[in-house]
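I begin with the order of the elements and then turn to local contacts.

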Amino acid sequence: MPDLSHDGDADTAAVNSLRSAVMRLSRRLKHQRVDESLSPTEMSVLGILAQCGSATPGELARREHVQPPSMTRIVALLEAKGLVRLEPHPEDRRQKVVSPTERAEAMLEESRRRRNAWLAELVGGLSEEEWAALRAAAPVLEKLAHM
């Protein structure tokens, strides 16, 4: 673990700059959505389902850091929009399992395509050295995102 106490001002400035840049880039990426009628949380839930497969509402609530009643409402909205389906849990019939529909998977794929194209266009404006530094930083940013 890095010791951030040796050069407090420089480290504080670096952390501040990283936070600010990640937040601005994230906001700009969110504007590249395919379906503007979905909230960022709804899109995030669909992304979790696409990445990890089916899950219970409780598991989704934990992953999204929201209360279970909030996730129940989100799942109900997604189901009403035809983006998820609820099925009985294979081991506990009191629970439901949430799965993405083909429509949700197609929408997510188009959203990824649009965001990747937008980001690729931005990256095209970087120097080769900047692009190399960004490629090298990507695994570290991914690690931070999952800590």
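**Entry 1: overall layout**

I read the elements of the chain from the N terminus on, and they run α-α-α-α-β-β-α-α. The tally comes to six helices and two strands. I note at the outset that the model is predicted.

I then looked up the spread of the chain. Its radius of gyration is 19 Å, whereas the globule rule gives 15 Å for 147 residues; the value is well over the rule, so the chain is more spread out than a compact globule. Along the principal axes, the C-alpha atoms fill a box of roughly 55 × 35 × 25 Å.

I also recorded burial: 24% of the 147 residues in the chain are buried. As for contacts between residues at least 6 apart in sequence, 49% of them join residues at least 24 apart.

**Entry 2: H2 against H4**

At what angle do H2 and H4 pack? I find about 80 degrees between helix H2 (residues 40-52) and helix H4 (residues 68-80), with the axes 10 Å apart. An angle from 65 to 115 degrees counts as roughly perpendicular, and H2 and H4 are therefore roughly perpendicular to each other.

I listed the residues that make this contact. H2 supplies Thr41, Glu42, Val45 and Leu46, and H4 supplies Met71, Ile74, Leu77 and Leu78. Sorted by class, the contact of H2 with H4 has six nonpolar residues, one polar and one charged.

**Entry 3: H2 against H3**

I next took helix H3 (residues 57-64), whose axis comes within 11 Å of that of H2, the two crossing at roughly 115 degrees. H2 and H3 are therefore also roughly perpendicular to each other. I recorded the crossing of H2 and H3 as right-handed.

On the H2 side I found Thr41, Ser44, Val45, Ile48, Leu49, Gln51 and Cys52, which meet Leu60, Arg63 and Glu64 in H3. The residues of the contact of H2 with H3 divide into five nonpolar, three polar and two charged.

**Entry 4: Glu42**

Is Glu42 buried or exposed? I placed Glu42 in helix H2. Its relative accessible area is 4%, and because buried means under 20%, Glu42 is buried. Leaving aside neighbours within four places in sequence, I find Glu42 in contact with Ser37, Ile74, Leu77, Leu78 and Lys81.

**Entry 5: Leu78**

Leu78 is buried, with a relative accessible area of 0%.

Which residues does Leu78 touch, not counting residues up to four places away in sequence? I list Leu38, Glu42, Val45, Leu46, Leu83 and Val84. I also took the separation of the C-alpha atoms of Leu78 and Arg93: it is 21 Å, and the two residues are 15 apart along the chain.

**Entry 6: Ala104**

Ala104 is buried, and I note its relative accessible area as 0%. Leaving aside neighbours within four places in sequence, Ala104 is in contact with Leu46 and Leu83. Leu46 and Leu83 are also among the residues that Leu78 touches.

How far apart are the C-alpha atoms of Ala104 and Met43? I find 9.5 Å between them, although Ala104 and Met43 are 61 residues apart along the chain.

How values were computed:
Residues numbered from 1 in each chain as written. Predicted model: local features only at pLDDT ≥ 70, side-chain atom pairs only at ≥ 80, totals over all residues. Heavy atoms only, no water. Axes fitted to C-alpha atoms, helices over the stretch in contact; angles between N-to-C directions. Helix = DSSP H or I, 4+ residues; strand = E, 2+ residues; numbered from the N terminus. Parallel < 35°, antiparallel > 145°, perpendicular 65-115°, else oblique. Contact = heavy atoms within 4.5 Å. Nonpolar A, V, L, I, M, F, W, Y, C, P; charged D, E, K, R; others polar. Left-handed = near helix turned anticlockwise from the far one by under 90°. Rg over C-alpha atoms; globule rule 2.2 N^0.38 Å. Buried < 20%, exposed > 50% of the residue type's maximum accessible area, 1.4 Å probe, protein only.
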